[in-house]
Amino acid sequence: METLIYGTVQSVSLLLMAFGFSLVYGVSRLPNFAHGALFVFSGFAAWICINKLHLPYGAAMVAAPLLAALFGVLIYQVVLRRVRGMEMSEVIATYAVGLAILEGLRWAGFRGTSYSLEPMFEGVGIYFDVPIDNQRLVVVGMGILMMAGLYVFTHMTKIGLALRGIAQDEQAAMMLGINSDVVATVALALGSALAGIGAMSLMPLGNIVVEEGYKVLIYAIAVCVVGGLGSWAGTVIAAFVLGFSQYLTVAYGKSHYQMVVMLLAVILTLIIRPSGLFGKQKQLEERV
Amino acid sequence: MAKRKERIDRGIKVRSESIYALASWEEIAYLVGPRSLLIGGMLLMPLILLNSPYWGRVFLSVCIFACLAIAFDFLANVVGLVCLGGAFFYGVGSYASAIINTKLGLPPLLSIPLGTVSGAVICTALIYPCLPLRGIYFAIVTLMYPLLMTRVIEAADIFGGTEGFRGIDGFGSPIIESYALVAVLLLGLFALRRFLAEDPGLVIRAVKENDQSVRASGISVAWIKTQAVFIASLFGCFAGAYYVHMYKNVGISSFALDLSIMPIAAAVIGGTGLIGALIGAILLVPLSEFLRDFGTLRIVVYSLVLMGFVIFRSEGLMNYAVRKYQQFERWVEV
């Protein structure tokens with residue numbers, strides 16, 4: 001039972017880290033390597049809102065993802081729009097942005113373990129004889145809410161349908177009057193906001209540290225690659241597969257191997273089954 | 001009246017391309033000048049810096065990073081494989097050389113070449129399974145390789161674990177130390193450029209442009225890519241092997257992120273075409289030394305510079321300079 005509960009928590013955390021990355025890539029084929037940096041950035045943004053600007057807790061929790069979304073829009077409009085279509089430049093440019101954000105934060109004095117966010121709900125509950133703190137339940141709740149919200153957004157609203165249209169067939173969508181640039185901006189804003197939301201739910205479980213940015217980026221890439229880049233169902237399932245395997249590694253092995261499992265999963269997936277667990281044939285073509 | 005910019009080759013460039021290259025000293029100087037400036041400068045630098053060991057070391061790191069940048073540039077712009085994990089080559093090379101030196105007791109002048117070749121064989125064998133991958137997928141896998149090596153060494157506690165090896169032999173004299181490196185760098189660069197100008201180079205370029213046509217010609221794409229990765233690993237592993245003997249120790253920092261990013265930045269700033277990578281390293285490494293006092297600000301600076309170049313000057317400084325050297329521009333009415 002403990003394995004089941006904590007494995008689920010771990011999986012949903014991975015999902016929260018990875019979904020923004022997957023969304024951006026799935027919609028506009030833009031690898032946002034600044035994803036991890038945006039995650040950490042929104043953590044520190046929330047911290048500044050609460051501790052320096054003295055905003056109420058709830059307002060900070062909303063403001064930080066919005067700031068991240070704004071950052072995402074900036075990244076697209078300033079950087080990505082000019083190099084779109086050149087894969088190598090996209091990867092290098094976004095990676096450079098991410099590096100600049102993370103190391104800039106470190107230079108600005110945000111290091112050490114003195115930065116943390118308070119959990120949304122304090123306390124520990126006991127369910128099925130397993131003690132679990134409430135923040136971890138919030139994580140699971142946020143994950144479910146996020147998935148439901150995205151489902152509604154992409155199936156009911158016009159802009160959401162446009163996102164799916166571009167993802168399925170860019171040229172046909174453009175012929176029907178959907179502006180690819182606008183959609184990509186929205187996708188990047190949404191993806192960055194999701195990174196922010198992920199950060200708001202996960203950060204209270206530990207400290208806000210810059211190194212987290214690199215870890216989140218690697219986890220996000222791992223989940224997306226294993227699930228098949230761009231495939232949403234694949235992302236969810238991959239998050240669970242990797243989440244449980246991570247939990248089991250920590251529980252029955254050495255915690256050092258946690259990262260090794262993720263990295264091996266990526267390399268093996270790409271070598272053995274490059275389309276990922278649920279990738280489509282079309283994606284296979286562009287990979288190999 | 002609308003105007004557009006017109007670019008025309010300079011007369012001297014056209015003349016010196018043909019037999020008239022030998023017609024006058026001016027043409028000879030036009031051809032030989034920039035080349036001898038670079039080669040002469042590289043050869044004189046160790047002598048000039050003989051009295052300041054610190055900047056001498058910085059110059060040697062320029063050469064080390066130039067090797068890594070050349071490896072990246074060759075893979076990315078000639079073969080079409082974007083490798084974000086230059087540190088992987090570097091780390092494997094440094095560990096291979098360190099093990100050969102400490103366990104077999106061979107002197108540096110033997111352990112460096114042996115470490116380079118054996119490291120390159122190991123790198124090629126490990127990267128071989130991912131060679132069919134393209135674009136960002138290859139980039140992602142190669143980004144993961146150095147990270148994986150660090151974690152495996154840390155977790156399994158092999159090769160000295162987090163401590164690494166100490167007590168590796170040095171070179172003894174600083175003259176040998178610097179000239180061996182500069183000579184290998186220049187010869188390697190020259191050899192690679194000659195190689196790419198010959199028939200095998202043509203096939204390697206074709207793999208980037210259109211791999212289906214290469215396959216249709218009955219040439220194995222995988223084999224060509226394997227050769228290319230081996231060549232790039234030779235450069236990367238040599239850098240690692242050399243550095244180990246300069247600083248006499250090795251640890252998991254040989255797989256650090258810095259070693260992957262710096263060469264990429266150098267190659268992007270310098271521009272494609274191998275020499276550009278060298279120019280980029282010459283500019284970037286001293287800059288990063290100047291900024292060393294500012295802590296991680298230097299990473300911010302060079303990632304912003306990198307971003308700026310990717311967006312606004314993607315041809316790189318070298319190609320820009322070459323264009324200015326060979327052509328003049330003027331506005332003409334359309």
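## A strand pair in chain B

Let's start with one pair of residues: B:Glu6 stands opposite B:Arg330 in β2(B). Keep in mind as you look around that this is a predicted model. The two strands here are β1(B), residues 3–9, and β2(B), residues 327–333, and they pair in the antiparallel sense over 7 bridges.

How many residues of strand β1 of chain B are buried? Of its 7 residues, the number buried is 0, so β1(B) lies largely in the open.

Next, have a look at helix α11 (residues 258–270) and helix α12 (residues 275–290) of chain B, whose axes are 7 Å apart and which pack at an angle of about 115 degrees. Angles of 65 to 115 degrees count as roughly perpendicular, and that makes α11(B) roughly perpendicular to α12(B). The crossing of these two helices is right-handed.

Which residues meet here? On the α11(B) side you will find B:Met262, B:Ala265, B:Ala266, B:Ala267, B:Ile269 and B:Gly270. Their partners in α12(B) include B:Gly276, B:Ala277, B:Leu278 and B:Ile279, and also B:Gly280, B:Ala281, B:Leu283 and B:Leu284. Sorted by class, the contact between α11(B) and α12(B) has 11 nonpolar residues, 3 polar ones and no charged ones.

## A buried phenylalanine in chain A

Over in chain A, A:Phe33 sits in the loop between α1 (2–28) and α2 (35–51). Is A:Phe33 buried or exposed? A:Phe33 has 26 C-beta neighbours inside 10 Å, so it counts as buried; the cut-off for that label is 20 or more.

Leaving aside residues up to four places away in sequence, A:Phe33 touches A:Val91, A:Thr94, A:Tyr95, A:Gly98 and A:Leu217. A:Ile221 is 188 residues from A:Phe33 in sequence, yet the two are 8.9 Å apart in space, C-alpha to C-alpha.

## Where the chains meet

Finally, the interface: 36 residues of chain A are in contact with 35 residues of chain B. On the chain A side, at least two residues each are supplied by α3 (57–83), α4 (87–107), α9 (211–227), α11 (257–272) and α12 (281–287).

Which helix gives the largest share of the side of chain A that touches chain B? That is α4(A), with 14 residues. By class, the residues on this side of chain A divide into 26 nonpolar, 3 polar and 7 charged.

Methods:
Residues are numbered from 1 along each chain as its sequence is written. Chains are lettered from A and ligands numbered from 1 in the order in which they are written. This is a predicted model: local features need pLDDT of at least 70, side-chain atom pairs count only at pLDDT 80 or more; totals for chains, interfaces and linings use all residues. Two residues are in contact if their C-beta atoms, placed from the backbone, lie within 7 Å. Helices (H or I, at least four residues) and strands (E, at least two) are DSSP runs, numbered from the N terminus. Ala, Val, Leu, Ile, Met, Phe, Trp, Tyr, Cys and Pro count as nonpolar, Asp, Glu, Lys and Arg as charged, and the others, Gly among them, as polar. A residue is buried if 20 or more other C-beta atoms lie within 10 Å of its own, exposed if 12 or fewer, and partly exposed in between; C-beta atoms are placed from the backbone. Two strands pair if DSSP finds at least two bridges between them. Axes are lines fitted to C-alpha atoms, for helices over the stretch in contact, and angles run from 0 to 180 degrees between N-to-C directions. Angles under 35 degrees count as roughly parallel, over 145 as roughly antiparallel, 65 to 115 as roughly perpendicular and the rest as oblique. A crossing is left-handed if the near helix is turned anticlockwise from the far one by less than a right angle, and right-handed if clockwise.
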